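Hi everyone, thanks for letting me go today.

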Amino acid sequence: MNMPSQNKYSHIIIGAGHNALICANYLARKGKKVLVLERRQQSGGAAATEEVFPGYKISRYSYVFSIFRKKIIDELFPKNWRQELILYPTEPSLFIPTKKTGRYLLISNELLKTRQNIAEFSDREEADNYAKFYQLLQDTIRLIEPLWDEAPASSLTSALKTLPKIRLPKNNSIGDIVQFLNSSSAGILNQWLKNDCLKAALSYAGTVGQMQSPYSIGSAFLQLHHVANTIALDGQNNTQKALKPRYYPRGGMGSVSEYLANLAIQQGAVIQTQAPVKKILTENQQVKGVEMADGTILEAPYVISNVSHDLTFNQMLDNPGKLPPEFQRGLKSIDYSTNCSKLNLVLKDIPDFKCLADRIDPEDDYQTRKQQACEIMHNTLIVGENMQQLHHNYLLAEQGKLPSKPTIQMLMPSLLDDSLTPANSSDLVVLLFVQYTPYDIKGGWNQKNREKLIQLTFKHIEEYAPNFSQLVKYVDAVFPPDIEAELGLTGGNIFQGSMDLSNLYASRPMPKYNQYQSPIRGLFSCSSANHPGGGVCGAAGRNAAMAILKST
């Protein structure tokens, strides 16, 4: 266990995930004496790179840099940051394979390209309707996106101050947008599109990390969340852009956290790893500091938690029984159910997808095939043939059962980033985000069920790429209980609480306590348990810092 050299600070932050590091940056820039305490050996939380296998760098939990707030970049990052933090833009945005040679769909960041691809995959009417659907998506984003960069409105007065920041839709009515925000992905997509494969792929975003199906009310909003926050770093704001690119940071997601940590240290913050906090200490409903696992007391008038509310208030707070009844009820209402696991692989070669047999020749040399694969498959989505398959998987998960054909997002950052594998290696780091895998599975996550999910996942992939299993060199499997134990994410929930409609904006994490504060004076939260929610977004860390600075 490592301990800081001093025992008094102005602000102590528990956990060193990306939100904590962002919060530390803002506080340190204002001259605060900030200490960040991290239980693990490295900072970053879920946004970390680990050498799970010697010589291979793996983004073990989070996997892509996409929804980070540009406002944070503008306020914290130096002008030359793109030379220091190398990002590889992903184009196309998505590869959707089928089981037939020559039949696959590419979703591009360019609207024109995507329309052409859809016209070839389905027909011209489908392509035109896709463009109209994305116009509705963009209009909805323009309306609500300003709300991400500040605390929720806490009163009628603050709500009225927010109104001028909201940008009215260009082409759709308010009624269209309200329907979008309160609908299911299936309900919206069925209005605009007819191709089952396309609808299944697009609806996937409405289920990521959430125990719900495309038919669940609120899944359309989650679909929006994964697009609304997407950063635009290269000027992609014209009408020809359907999507803003996602990025692979060179060296994995840990490069982002390392960059944020270095910025905080430059501002005077202290970051201590291998420093587990045992208790949050209070006196007369005022925070006093923290007690470390070895009994050391560190004092501070402000403590900011970056871990889940369950861990913060039910497990770490020295006297949780003194919390107000309404707050205790709010804690009980937070839904930590999850649906995802992560399989991190090293492959010996590029998978041969049946649908690409007429485009990528397995007899070509590796570098030729790698270049061709890079133009197509670095972000592959295997969801089955229709939305009903996702819904079926959801129903099985609700019963504590594994899906026979898991929903799989397959990312291949090695196609763009050669730093992830040993020099001159033809191996590939491949990341599989696998749904629907419930925390409470029948029989528990014993070795048999762990191996079963791995085999079911590989079997489903092999319906599209028959040689996949024989290419697997290493497997690192992370299941919901592992996510909980290793990252402190209750229930293995990657958003630190469900992002359904009842747990968003002014209701996140609960009404009356939606300003990053708590009933304990000086005790705040900067985690994604707060508005605007999960993902490597950073807004919760920034918004919390603003609230803390305002209170001093």
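So, how much of the protein counts as buried? Of its 552 residues, 62% do. Keep in mind that this is a predicted model.

Let's stay with the whole protein for a minute. It has 19 helices and 19 strands. The C-alpha atoms fill a box of roughly 70 × 55 × 50 Å along the principal axes. For 552 residues, a compact globule would have a radius of gyration near 24 Å, and this protein has 23 Å, which agrees. Now look at contacts between residues with a separation of 6 or more: 73% of those come from residues 24 or more positions apart.

Okay, let's zoom in on helix 13, residues 325–333. Which residues are buried there? They're F327, G330 and L331. Part of what covers them is helix 12, residues 309–316. Turned away from that buried side, you'll find the exposed residues P325, R329, K332 and S333.

Three strands form an open sheet in the order 10-11-12, with antiparallel pairing. Strand 10 (277–283) and strand 12 (297–299) are the edges, each with a single partner, so one side of each has no neighbour in the sheet. From one strand to the next, the twist averages 30°. Strands 10 and 11 are joined by six bridges, and V277 has M292 in strand 11 as its bridge partner.

Conventions. Residues numbered from 1 in each chain as written. Predicted model: local features only at pLDDT ≥ 70, side-chain atom pairs only at ≥ 80, totals over all residues. Heavy atoms only, no water. Buried < 20%, exposed > 50% of the residue type's maximum accessible area, 1.4 Å probe, protein only. Helix = DSSP H or I, 4+ residues; strand = E, 2+ residues; numbered from the N terminus. Contact = heavy atoms within 4.5 Å. Pairing = 2+ DSSP bridges. Axes fitted to C-alpha atoms, helices over the stretch in contact; angles between N-to-C directions. Rg over C-alpha atoms; globule rule 2.2 N^0.38 Å.
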